[in-house]
Amino acid sequence: PPGGAAGALAGGGHAGSRAAIRAERVVAEGRLTTYPGAEVLVASEVSGTIVSLPLTEKQRVRRGQVVALLRADDLRAELAEAQARIVETEAEIRLAEAERERAQNLYAQQVDTASRRDKAVRDLEVALARRTTAHAAATRLEAEIAKRRIVAPIDGVVIVRHVDAGEAIEARAGIVTLADLAQVRIEAEVDEFDTGKLVVGS
């Protein structure tokens, strides 16, 4: 019937209009920005000279990835000396233990004096103390060397590189700024006429 045809056409027209509205795009200029706290300034705990800075701006990084290395040649040399002292003290301890055992046996047999036994015990205690000191020195140096290896604290993107390889920096100086991509948003201005066309997730 003519009325039915007209209704069908009218219905099709409405459906087409709705499809056209759904397909319409709203274009607006904007910028990608981070939420408060989503930017992290990666800095060094200590002063030094940067020997390696392999990152570039806009480069993605993973948590734990090396951001920069500071010169640590002197510290590594000191660590090697401390480790050598540990080996020396281990040898001293073995000798002191043998001497103490011998002195105690001689004293028990009434062949040697108590003073020599006591000296052997004291020598062993000194050797043990030297080993403890050497281990503490090595641990401290390892910690200092670790501070000269700066790593990314989060997954993100380098948005600013503040220094270059070869530069000398002070403690707490910024090296790069990272943006946490899990906390970003788009800021844009949309014409008031178009606001009705915006939906969440578009």
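The model is predicted: local features need pLDDT of at least 70, side-chain atom pairs count only at pLDDT 80 or more, and totals for chains, interfaces and linings use all residues. Residues are numbered from 1 along each chain as its sequence is written, and side-chain values use heavy atoms, with hydrogens and water left out.

**Overall make-up**
- The protein chain has 3 helices and 10 strands. Both are DSSP runs numbered from the N terminus: helices are H or I with at least four residues, strands are E with at least two.
- Of the chain's 202 residues, 24% count as buried. Buried means under 20% relative accessible area, exposed over 50%, and partly exposed in between, with a 1.4 Å probe and protein chains only.
- Take the contacts (heavy atoms within 4.5 Å) with a separation of 6 or more: residues 24 or more positions apart account for 78% of them.

**Confidence**
- The chain averages a pLDDT of 82, and 77% of the residues score at least 70. This score is the predictor's confidence in each residue, from 0 to 100.

**The open sheet**
- An open sheet of 4 strands runs in the order β6-β5-β3-β8, with antiparallel pairing. Its edge strands, β6 (149-151) and β8 (168-169), each pair on one side only. Two strands pair if DSSP finds at least two bridges between them.
- Strand β3 (residues 48-52) is joined to β8 by 2 bridges. Gly 48 has Ile 169 in β8 as its bridge partner.

**Thr 177**
- Thr 177 sits in strand β9 (residues 174-179). It counts as buried because its relative accessibility is 10%.
- Its side chain makes a polar contact with the side chain of His 162 (2.7 Å). Such a contact is a pair of N or O atoms within 3.5 Å; within protein, one must be able to donate a hydrogen and the other to accept it, and residues adjacent in sequence count only if both atoms are side-chain atoms.
- Leaving aside neighbours within four places in sequence, Thr 177 is in contact with residues including Glu 39, Leu 41 and Val 158.

**The pocket lining**
- The second largest pocket is lined by 15 residues; Ala 96, Glu 99, Lys 119, Ala 120 and Asp 123 lie nearest its centre.
- Helices α2 (73-108) and α3 (114-147) each supply at least two lining residues.
- On a 1 Å grid over the protein atoms alone, a pocket is an open set of points with protein on both sides within 12 Å along at least five of seven lines; lining residues have an atom within 4 Å of a point.

Methods
On a 1 Å grid over the protein atoms alone, a cavity is a set of points where a 1.4 Å probe fits but cannot get out, and a pocket is an open set with protein on both sides within 12 Å along at least five of seven lines; lining residues have an atom within 4 Å of a point.
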